[in-house]
Amino acid sequence: MGVRAPRAPVLRRLWRVREASTLAILLLEIVFFGWYLWPEYGTYHPFLNSANALLVLKYSSIYGIAAIGAAIVIISGGIDLSPGAVIALASVVTGGLFVEGGWGLGPSVVAGLLVGVASGLLVSLLVIAVQLPPFIATLGAMGIVRGVGFVVTEGRYYDLSRLLPRAWHPFGIPLDWWPPTVMITLALVFHVAMHKLQWGRAVYATGGNETAALFSGISLPRIKTSVYLISAVLAAVSGVVLALVQGQGKADLAMGYELDIIASAVVGGASLSGGRGSVIGAVLGALIFGVLRNALAQIPGATFYDRMIVGMVVIVIVVMDQILVKRGA
Amino acid sequence: MKRLVVAVAAVLIGLAVACGGEAPNTGTKKYRFAVIPKALDLPVFDYARKGAERAAKELGNVEVIWRGPETGDQLKQKEILEAFITQRVDGIAISCLNGDFLTEAINRAVDSGIPVVTWDADAPNSKRLAFYGVDDKTGGRIMAEEAVKLLNGKGTVALMTSMGATNLQRRLDGVLEVLAKYPDIKIVETFDVKEDTVKAAELIATGTNRYPNLGAWISVGGWPVFTRNALVPVPKSTFVVSFDTIQPAPQLLKEGRVQILIGQKYFGWGIEPVKMLADIKAGKMPPAKVIDSGVDVVRQDNVDAYIEAFRKLEEGK
């Protein structure tokens with residue numbers, strides 16, 4: 001009959017927030033590398049400086065934007081293997097129309113985004129009408145989309161940077177700030193959509209238990225079409241941003257990134273069995289990998305270890321997440 | 001929560017140990033030069049790494065950070081280059097997967113006071129201070145001329161390349177330029193092996209089935225000669241001319257599976273750029289913007305001498 005606190009302590013309540021553990025891991029990672037890479041001479045810290053932070057954000061955004069879509073697909077109980085290919089083809093279409101087609105920048109960007117729409121519709125058709133497992137449907141789409149990129153370019157590339165203004169500030173924001181801005185904005189928008197809209201709850205319900213979702217009146221075809229469409233369009237956004245910021249459209253860009261993108265979503269708390277996950281977590285997951293890529297590059301002799309380290313990190317984080325979920329249950 | 005923190009700390013400590021566990025050392029100032037290959041998974045670059053590390057050791061006041069993308073991923077290579085710029089290393093030597101793609105970043109490095117030299121594959125439109133390597137177009141021309149000699153000016157040829165890399169494209173341009181002068185030589189196909197030795201072996205097998213009377217294979221990269229078995233399906237009547245001379249290539253040449261090999265200065269790729277950067281730091285600029293390393297043309301008659309010279313280089317003599 002002791003005195004019971006009416007509510008859990010603040011820290012513990014905070015911990016129950018889905019994204020808290022991912023954020024904690026990211027912060028720990030930054031603290032660790034900040035300590036490990038403390039400069040031996042001079043005052044300039046090679047890791048903890050604003051230019052480096054922007055660099056990590058800029059490159060992580062390529063994965064992060066697509067990982068938002070990947071997380072949504074995974075939450076719905078599916079999987080998408082095509083984002084890497086869609087990123088490349090979107091960059092090729094935007095670059096090709098802008099550089100060789102003589103199109104304006106706006107229409108070229110829209111055409112690049114339409115690559116996502118087309119690929120998303122193809123996957124939805126295969127998953128819903130043909131009843132293919134998402135793994136196979138998106139594997140096929142990955143090959144087709146990547147192949148179209150090679151057919152269009154025949155190994156060449158489109159150099160957008162030649163035609164884009166130097167020191168370009170679209171809408172007053174420096175070019176390098178655009179990828180993180182887009183990523184964070186989209187993450188917030190989809191976070192709200194997943195939690196406040198009926199659609200979002202239906203996505204969680206579909207992934208949690210498809211039969212139950214069906215009996216509760218959720219239109220599975222509509223939900224599935226929407227998630228694959230969103231995933232492919234977000235990958236296309238990433239490809240268009242990549243083409244504009246890096247100044248190139250090329251068919252072999254983002255080769256194999258689908259696995260990094262899925263890993264970001266999973267590290268961010270998405271469960272491959274569906275029904276669980278977070279779009280903000282996926283972005284944090286992309287940042288965890290971005291910091292690793294950046295910091296490991298600064299350690300002499302770490303070159304050949306980093307694949308292994310990244311693999312270990314994925315497993316450790318997911319195992320920790322599982323323990324956490326079990327204890328919370 | 002506590003357990004979680006302990007677990008994370010354990011992983012990070014493990015990570016530190018895996019990275020060599022070297023605590024930040026204090027002592028005299030060393031120059032930190034970043035040396036960036038195109039990819040970590042190509043054997044030729046391993047010799048460049050040995051060369052770079054050896055040069056650093058000889059110079060004494062230089063530390064080499066060898067870092068590249070695992071596979072030929074140009075975006076990852078640019079990320080690595082940009083990370084070295086924000087880290088303010090003392091010099092950068094890079095073999096560019098795509099020179100134009102890296103030009104802006106290289107210029108930014110040079111503008112911020114970090115000297116950049118390129119090796120193996122150049123970024124000719126950038127502000128890099130010098131390039132050390134083969135003139136690729138010349139290399140391609142030499143290959144084609146050797147093939148023409150083998151074929152006595154007539155026959156069919158299959159080409160092998162990997163699409164997307166600027167230097168390979170230039171070698172291919174050199175090959176095509178020479179072959180265009182010989183109307184009796186017909187190019188049946190240009191195969192894209194995607195920088196993959198396994199894919200190269202597969203393409204050689206299928207290509208041989210399709211063109212059993214093929215006159216010659218010309219490969220602008222070393223994929224057919226990086227593995228022992230890729231050339232097994234090729235009949236004796238078909239000649240093979242390939243770039244690159246690292247083992248087992250010379251052995252294959254001795255066995256008669258390949259007739260001409262074009263060798264590059266693999267150790268030089270590492271040694272020369274590191275020395276150049278050290279000179280630049282000491283106030284001495286490179287003698288020219290483009291330093292042609294030249295190529296070694298290896299045939300049946302000089303292969304033994306080549307193997308011996310290579311062995312000496314490998315042992316550091």
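This is a predicted model: local features need pLDDT of at least 70, side-chain atom pairs count only at pLDDT 80 or more; totals for chains, interfaces and linings use all residues.

Biologist: How much of chain B is buried?

Modeller: Of its 317 residues, 53% are buried.

Biologist: And the overall dimensions of chain B along its principal axes? What are they?

Modeller: The C-alpha trace of chain B spans about 70 × 55 × 40 Å.

Biologist: What is the radius of gyration of chain B, and what would a compact globule have?

Modeller: Chain B has 22 Å. A compact globule with 317 residues would have a value near 20 Å, so the two agree.

Biologist: What share of the chain B contacts joins residues 24 or more positions apart?

Modeller: 72%, counting contacts with a separation of 6 or more.

Biologist: OK, switching to chain A. What is its secondary structure?

Modeller: Chain A comes to 13 helices and two strands.

Biologist: What box do the C-alpha atoms of chain A fill?

Modeller: Roughly 80 × 65 × 40 Å, along the principal axes. The radius of gyration of chain A is 21 Å. For 329 residues a compact globule would be near 20 Å, so chain A agrees with that.

Biologist: And what about contacts in chain A between residues at least 24 apart?

Modeller: They make up 78% of the contacts between residues at least 6 apart in sequence.

Biologist: Let's zoom in. How many residues of helix 4 of chain A are buried?

Modeller: 17 of its 17 residues, so by that count helix 4 of chain A is mostly covered.

Biologist: How far apart are the end C-alpha atoms of helix 4 of chain A?

Modeller: They are 24 Å apart. Helix 4 covers residues 83–99, and at 1.5 Å a residue those 17 residues should span 24 Å, so the model agrees.

Biologist: Now a helix pair. How do helix 3 and helix 12 of chain A cross?

Modeller: Their axes come within 7 Å and cross at roughly 140°. Helix 3 is residues 50–75 and helix 12 is residues 279–296.

Biologist: Which residues make the contact?

Modeller: From helix 3 of chain A they include A:Tyr59, A:Tyr63, A:Gly64 and A:Ala67. On helix 12 of chain A, A:Ala282, A:Gly285, A:Phe289 and A:Gly290 are among them.

Conventions: Residues are numbered from 1 along each chain as its sequence is written. Chains are lettered from A and ligands numbered from 1 in the order in which they are written. Helices (H or I, at least four residues) and strands (E, at least two) are DSSP runs, numbered from the N terminus. The expected span of a helix is 1.5 Å times one less than its number of residues. A residue is buried if 20 or more other C-beta atoms lie within 10 Å of its own, exposed if 12 or fewer, and partly exposed in between; C-beta atoms are placed from the backbone. The radius of gyration is taken over C-alpha atoms; the globule rule is 2.2 Å times the number of residues to the power 0.38. Two residues are in contact if their C-beta atoms, placed from the backbone, lie within 7 Å. Axes are lines fitted to C-alpha atoms, for helices over the stretch in contact, and angles run from 0 to 180 degrees between N-to-C directions.
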